[in-house]
Amino acid sequence: MAHPIQLGGIDYAILLIYFLFVLGIGWALKRHMKGSSDFFLSGRSIPVWITGLAFLSANLGAQEVIGMGASGAQYGIITSHFYWIGAIPAMVFLGIFMMPFYYGSKARSVPEYLKMRFDEKTRGLNAIAFAVMTLFSSGISLYALASLMETLIGWNFTFSIWISAVIVLAYICLGGLTSAIYNEVLQFFMIVFGFAPLAWLGLRDAGGWAGLKERLVGVATDQHFAPGTWTESWQHMGSPGANPLGVEWFGLAMGLGFVLSFGYWCTDFLVIQRAMAANTMSAARRTPIIAAFPKMLFPFIVILPGMVAVALMRDHHGGFTLPPVSATDSSPNFNMVVPMMLAHYLPTGLLGLGFTALMASFMSGMAGNVTAFNTVWTYDIYQSYVAPAKSDAHYLLMGRLATIFGVILSVGVAYLAAQFNNIMNLLQLVFAFVNAPLFATFLLGMFWRRANGHGAFFGLLLGTLAAAVHHGLTLPVGAAVGIMKGGWLGSVVHTYPSAMAQNFWTALFAWTACMVVTMGVSLATAQNKSDEQLRGLVYSLTPKPPAEVEAWYRKPVTLGAIVLAATLVLNLIFA
Amino acid sequence: MNFDLRLPLGLLFSLFGAMLVVYGLLSDPAIYSVSLGYNVNLDWGFVLLAFGVTMLWLALRARRNRS
């Protein structure tokens, strides 16, 4: 079979030059890596526009780009809720309310904050779960990259894995977190410049927004939805049956908008590490808010091509098709939307730019996980339990070694994923259970001084358990009982209209359980920390920072209000 | 840290822009049938070039101001 993407000489030249620059940045930063804090925290010295773009980019891995394109085709503009409801409010909340405690506590990682605020066992639980998760995510990124390269352009699986692993390894070992952050900014611009022409050409081809709307009517009515379902984000959220997502507005707002979104953006060290590298408290607070501005506009770059693709496929316009899922399943593989659109619209030259952007986003997704892993491993596991009180040079060396074995383990995971895809899906399900309750712990930790170590620890455990039990007792409609789909506890108590709805409600149950248990156990046991120890970690015990004398465009609250208002306007326009 | 990211950003995108512009001028117009007849290499190359040069200019201006 011919491969969908045929690269020309100029395309290879762009790819090669990009990776030379990536390695060059690592090399140039090498002499700045004098101590462990340079390596893991970038010496807290990065300007805010860079941490902001890196904050955004660390999340903008290829799974995101590819997944959002696929969802754009399957669900239409409703996918933008993952941005406008599922990201922006949480990013603004993190910047305004939570960052003062993360940055101000001088904690070097999220688990370390948990230790300062609660106790050792809570930190240990979080650190170990997080370290394992990052390694698996990094390996899954690598696997996804290599299998995509194999289908797209015919590169050998092993070749793709090792070449990407070696490049990521090299630039992180050389320049640590700074190198990862700088390359994330490079990757951000590559994604924007590589994919924007795709969105523009696609929209042009579909006859502009009006033309696209018209074409998508058929897509919606074919599936028995109201004509505007693919192009109106709110009008069909009244009941789960009225939209392809299978969720109503309440489940969406609470499950995605509140628990899942805040749980990810406000507690995941992978993104927060970028803000912690900022050079001042004000910059750290502005980091997620500055990231929210481009984030707000990303649906136009990543979701729109998916919407165009599904319209073109229905009309058999320009011969655009998607390959089937597999030899036995002939339904279209929506994960191929973005790569196939690249091949369809971009001539050699720009194709190289788009292809490089795609590859770069896989690698920076991996690099983000590796830098978060080496920090948590070195500070929260190695320094805490294995070898405390060693010299700083020792920990710097450990950071580099952790990077090497982190990358090697990721490669192992990638091969494992190629062999046992089901195990990987199961692991991701378990990770979702572990993550779901976390935001309740941080919310109570930062805003309720009475929350204590026992409360946090048992809240997390029982929250995870609640997620598993809820999943075990419910099932999406039409799915067979099984460990992946749910209902494995013997009886199905409730049937959801879609797997997405089941996810959202699983998260809500986990969050509520964690909240209730943490409060109950905290009230039943004594506070293990004195007020003095909690200063700077809890809202009511932290002195208010002096009134900011900065210009309005540097104030986190003002910027946050602007981005929220702009998001509201977008929601209204595309309601 | 005296490492200005705008410098490599500017260099990279000026280079990509220049490459695409030159390629857009020299390439066979037939390859643009996929992009609806637009010579996107030429057009987008200019956009990249403008972005790259702006970054370079900002980086050099900052460097001059420091010294």
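Q: Over the face of which residue does A:Arg108 lie, and at what distance from the ring centre?

A: A charge is taken to sit over a ring if NZ of Lys or CZ of Arg is within 6 Å of the ring centre and within 35 degrees of the ring normal. Here A:Arg108 lies over the face of A:Tyr379, at 3.7 Å from the ring centre, and A:Arg44 is placed over the face of A:Tyr103, with 4.1 Å to the ring centre. The model is a predicted one, in which local features need pLDDT of at least 70 and side-chain atom pairs count only at pLDDT 80 or more, whereas totals for chains, interfaces and linings use all residues; side-chain values use heavy atoms, with hydrogens and water left out. Residues are numbered from 1 along each chain as its sequence is written, while chains are lettered from A and ligands numbered from 1 in the order in which they are written.

Q: What is the phi of A:Arg44, and where in chain A is this residue found?

A: Most residues other than glycine have a negative phi. For A:Arg44, however, phi is positive, near 45°, and the residue is found in the loop between α2 and α3 of chain A, where helices (DSSP runs of H or I, at least four residues) and strands (runs of E, at least two) are numbered from the N terminus. A:Ser42, which is not a glycine either, has a positive phi of about 55° and sits in the loop between α2 (36–41) and α3 (48–59) of chain A.

Q: Do A:Ser42 and A:Arg44 count as buried or exposed?

A: Buried means under 20% relative accessible area, exposed over 50%, and partly exposed in between, with a 1.4 Å probe and protein chains only. By that reading A:Ser42 is buried at 1% relative accessibility, and A:Arg44 is buried at 18%.

Q: How many aromatic pairs does the structure hold, and what geometry does the pair of A:Phe93 and A:Phe262 have?

A: A pair of aromatic rings is described by the distance of the centres and the angle of the planes. Rings of Phe, Tyr and Trp (its six-membered ring) pair if their centres lie within 6.5 Å, and planes under 30 degrees apart count as stacked, over 60 as edge-to-face and the rest as tilted. Over all chains there are 48 aromatic pairs, and one of them, A:Phe93 with A:Phe262, is edge-to-face, at 5.3 Å centre to centre and with 65° between the planes. Because A:Phe93 lies in helix α6 (residues 88–104) and A:Phe262 in helix α11 (residues 249–265) of chain A, the pair ties together parts that are 169 residues apart in sequence. A:Phe93 is buried, with a relative accessible area of 19%, and A:Phe262 counts as buried at 9%. Both rings belong to one aromatic cluster, whose members include A:Phe97, A:Phe439 and A:Trp511.

Q: With which residue does A:Arg215 form a salt bridge, and which parts of chain A does the pair tie together?

A: Side chains of opposite charge can pair when their charged atoms come close. A:Arg215 pairs with A:Asp315, the closest N and O atoms being 2.8 Å apart. As A:Arg215 lies in helix α10 (residues 208–222) and A:Asp315 in helix α15 (residues 304–315) of chain A, this pair ties together parts that are 100 residues apart in sequence. A:Arg215 counts as buried at 19% relative accessibility, whereas A:Asp315 is partly exposed at 31%.

Conventions
Salt bridge = Lys/Arg side-chain N within 4 Å of Asp/Glu carboxyl O.
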